[in-house]
Amino acid sequence: MSVTELRPRTPAETALVQLAESASTDEDARRAAIEALRREGLPHRRVEAWHYTDLRNLMGRRLGGDHLIEAVAAREFPQNETMLSPLVPGSTVVDLDAPERASAPDGVTIAATEDLADWHESPNHLDRPVDTVRLVNAAFGARAATIAVADMAEVAAPIELRSGIGLQSHAAVKVAVGHGAKAVFVERVEGGGSPAPSSLVSHLAIGDGAEVLWVVDQAKDFDAAHLGQLNVSVGANATFKLFVLNAGGALVRQEVHAVTAGEGSQIIMRGVNLLQKDQHVDVTTTLRHIHPGTTATETFRNVLMGGHGVFQGMIKVAREAQKTDAKMACNTLLLSEDGDFSAKPELEIFADDVQCGHGATAGEINGDHLFYLMSRGIPEPQAKALLVKAFVDEMVEELEIGEVLGEALTAKIDAWLDTNH
Amino acid sequence: MLEIKNLHARVADEGTEILKGVDLTVKDGEVAAIMGPNGSGKSTLSYILAGRDDYEVTEGDILYNGESILEMDPAERAASGVFLAFQYPLEIPGVATMTFLKTAMNAQRKARGEAELMTPDFMRRVKAAAAELKIDAEMLKRPLNVGFSGGEKKRAEILQMALLEPKLCVMDETDSGLDIDALKIVAGGVNALRGPERSFLVITHYQRLLDYIVPDTVHVLYKGKIIKSGTKDLALQLENEGYSQIIGEAA
């Protein structure tokens with residue numbers, strides 16, 4: 001008798017699989033992903049990579065009711081059809097559900113594919129046999145759009161990537177930036193959601209000597225769930241800058257997995273997580289240095305008015321990756337007793353000539369700073385707001401991304417700070 | 001201007017009593033110097049005047065223009081005209097100096113029911129005051145005090161003082177960390193602000209500062225009490241004889 005090890009599925013897991021099936025046009029590739037989802041279920045707290053984000057439990061709270069499938073089928077959840085203006089005026093907007101409609105600028109090719117997003121491989125360094133984010137993405141039928149930037153092309157305007165807004169949004173994109181090229185990409189993750197999560201999986205291959213700035217601008221409605229993943233390989237002497245802004249969503253997991261693809265590559269990651277009551281936001285990153293002489297700096301700053309924040313950061317340095325210089329920091333301002341934050345920085349170093357470091361802090365507003373500002377006549381609430389703003393604005397400044405984009409991001413942060421205090 | 005009456009205060013956390021009955025009066029337009037050895041309570045007194053909540057007043061009162069300020073928070077005290085020039089001005093990364101100056105000036109104006117400054121007017125005031133103190137524009141573009149040398153920080157304090165136009169200026173060891181040229185610039189800035197309606201409480205270790213900011217009265221603080229008061233000659237006497245002579249007399 002062949003025994004398949006099957007643990008009982010929770011109602012949420014069953015509901016998620018049913019949702020995936022109900023959205024289905026019948027096709028083999030997707031069926032395999034759905035079967036894998038059925039088999040694997042959702043990760044829970046005993047799975048190391050998901051310890052602080054017990055997806056099975058958290059989805060359980062969202063996908064509880066029996067009426068869910070019918071409700072989703074009947075589209076009872078409001079679709080947010082509002083046309084967004086791009087984060088930066090003049091951007092090339094790419095709807096990942098219909099990428100062929102985008103008008104590609106010079107040096108850029110944008111196409112749709114029929115390929116189901118790849119979920120079999122798990123090169124995401126989380127030591128999981130099957131990657132949950134990709135699996136959900138594929139099971140719900142995400143197709144990988146492709147974007148290619150030609151060698152040496154300098155694309156002036158940002159390319160803004162949008163997944164479908166609202167219900168059942170699952171998108172994937174494969175971006176290749178040629179040698180010596182320069183480009184800016186903005187992942188725009190907005191809108192409402194159903195109790196089931198939306199997902200967006202991006203792959204970015206950066207050619208030698210290229211410079212790429214990638215912005216993840218996540219501001220889902222406060223009832224939405226989202227699973228995001230960005231996979232990056234950074235070519236020799238190439239520069240990868242990343243900014244992650246999480247300013248919404250009820251349940252969010254954003255993963256970033258970066259790996260060097262040549263000597264002298266440079267990775268600069270900054271991020272801001274802004275959390276309000278009842279939110280659960282998880283940023284999980286891995287940096288793999290497998291070539292000599294690469295550098296990385298990674299800093300996330302978090303402001304919590306409530307909710308649960310998670311940061312997991314892993315830096316892996318392979319034996320041959322001598323002269324790696326990698327630094328990681330996670331700083332949290334807890335502005336309410338209702339908020340909590342879990343930070344798990346990890347270093348795994350096999351080379352012997354490296355500089356690596358990590359640090360995590362959590363605390364309240366610095367009392368000395370507050371006193372100094374107040375002693376100049378700035379009332380307490382205003383002084384606190386100034387200090388919170390300074391704390392997160394520094395992340396934008398440190399990235400040195402120019403005035404237009406910098407101000408656009410700062411404005412989004414300020415808008416959140418102005419409405420949440 | 002200022003009347004400190006039998007002021008007792010302790011560290012709020014641990015209860016150590018630092019001030020043990022300070023009595024001091026500063027008249028309108030007066031420059032009063034407070035001198036004293038390390039640990040006598042000088043900096044504590046300045047923090048308490050500014051309203052720092054790390055200290056707890058257990059007895060006595062502080063009257064500013066006849067009214068107690070003990071219940072006012074630091075911002076309210078500042079808006080009413082109290083200014084503390086810090087011994088160690090804080091570096092605040094991410095807060096632009098100009099944003100800070102404008103926010104502070106307008107917050108005080110708002111608290112006093114005055115109209116907010118428009119940007120051109122604000123810029124003109126900052127430029128004029130900065131020029132007096134030999135503060136260049138590059139310095140003002142940096143985040144507040146970040147990367148400033150000790151002398152630059154002290155000049156930035158005086159710049160803030162000039163722009164905020166306080167009535168009572170408490171200066172905590174403004175001379176510490178200054179070379180003689182910087183000291184002259186800072187003292188010049190202070191002297192320019194002297195007037196019949198503005199009083200100063202100048203806290204210092206050394207008589208040197210008082211060569212440049214000449215006080216009307218000098219008070220010796222020791223173990224949390226004023227043990228001797230006099231004219232500027234008292235500072236010279238302290239410089240020559242040290243504190244031990246006066247402490248001996250008071251004991």
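The following legends describe close-up views of a predicted model.

**View 1. Overall architecture of chain A.** In this predicted model, chain A contains eight helices and 18 strands. The radius of gyration of chain A is 21 Å, close to the 22 Å that the globule rule gives for 421 residues, so chain A is as compact as a globular protein of that length. Taken along the principal axes, the C-alpha atoms of chain A fill a box of roughly 70 × 50 × 45 Å. Of the 421 residues in chain A, 53% are buried. Among contacts in chain A with a separation of 6 or more, 81% are accounted for by residues 24 or more positions apart.

**View 2. The nine-stranded open sheet of chain A.** Nine strands of chain A form an open sheet with parallel pairing, in the order β1-β4-β6-β8-β10-β12-β14-β16-β18.

**View 3. Surroundings of Ala385(A).** Ala385(A) lies in helix α7 of chain A. Because 17 C-beta neighbours lie inside 10 Å, Ala385(A) counts as partly exposed; a buried residue would need 20 or more. Leaving aside neighbours within four places in sequence, Ala385(A) is in contact with Leu417(A) and His421(A). Ala385(A) and His421(A) are 36 residues apart in sequence, and their C-alpha atoms are 8.4 Å apart in space.

**View 4. Strand β5 of chain A and its two parallel pairings with β3(A) and β7(A).** Seven of the eight residues of strand β5 (residues 170–177) of chain A are buried, so this strand is largely enclosed by the rest of the structure. Strand β3 (residues 144–149) of chain A pairs with β5(A) in the parallel sense over six bridges. Strand β7 (residues 198–206) of chain A runs parallel to β5(A) and is joined to it by eight bridges. Val173(A), in β5(A), is the bridge partner of Ala145(A), and the bridge partner of Val173(A) in β7(A) is Ser202(A).

**View 5. Packing of helices α1 and α2 of chain A.** The axes of helix α1 (residues 11–22) and helix α2 (residues 28–40) of chain A come within 10 Å and cross at roughly 175°. That angle makes α1(A) roughly antiparallel to α2(A). From α1(A), Leu16(A), Val17(A), Ala20(A) and Glu21(A) meet Ile34(A), Leu37(A) and Arg38(A) of α2(A). By class, the contact of α1(A) with α2(A) has five nonpolar, no polar and two charged residues.

**View 6. Surroundings of Leu135(A).** Leu135(A) is placed in helix α5 (residues 132–139) of chain A. With 25 other C-beta atoms within 10 Å, Leu135(A) is buried. Not counting residues up to four places away in sequence, Leu135(A) touches Ala33(A), Ala36(A), Leu37(A), Glu40(A), Trp119(A) and Val130(A). Leu135(A) and Leu55(A) are 80 residues apart in sequence and 14 Å apart in space, C-alpha to C-alpha.

**View 7. The side of chain A that touches chain B.** In the predicted model, 17 residues of chain A are in contact with 20 residues of chain B. On the side of chain A that touches chain B, α6 (367–374) and α7 (380–399) of chain A each supply at least two residues. The largest share of that side, seven residues, comes from α7(A). By class, the side of chain A that touches chain B has eight nonpolar, four polar and five charged residues.

Technical notes: Residues are numbered from 1 along each chain as its sequence is written. Chains are lettered from A and ligands numbered from 1 in the order in which they are written. This is a predicted model: local features need pLDDT of at least 70, side-chain atom pairs count only at pLDDT 80 or more; totals for chains, interfaces and linings use all residues. Two residues are in contact if their C-beta atoms, placed from the backbone, lie within 7 Å. Helices (H or I, at least four residues) and strands (E, at least two) are DSSP runs, numbered from the N terminus. Ala, Val, Leu, Ile, Met, Phe, Trp, Tyr, Cys and Pro count as nonpolar, Asp, Glu, Lys and Arg as charged, and the others, Gly among them, as polar. A residue is buried if 20 or more other C-beta atoms lie within 10 Å of its own, exposed if 12 or fewer, and partly exposed in between; C-beta atoms are placed from the backbone. The radius of gyration is taken over C-alpha atoms; the globule rule is 2.2 Å times the number of residues to the power 0.38. Two strands pair if DSSP finds at least two bridges between them. Axes are lines fitted to C-alpha atoms, for helices over the stretch in contact, and angles run from 0 to 180 degrees between N-to-C directions. Angles under 35 degrees count as roughly parallel, over 145 as roughly antiparallel, 65 to 115 as roughly perpendicular and the rest as oblique.
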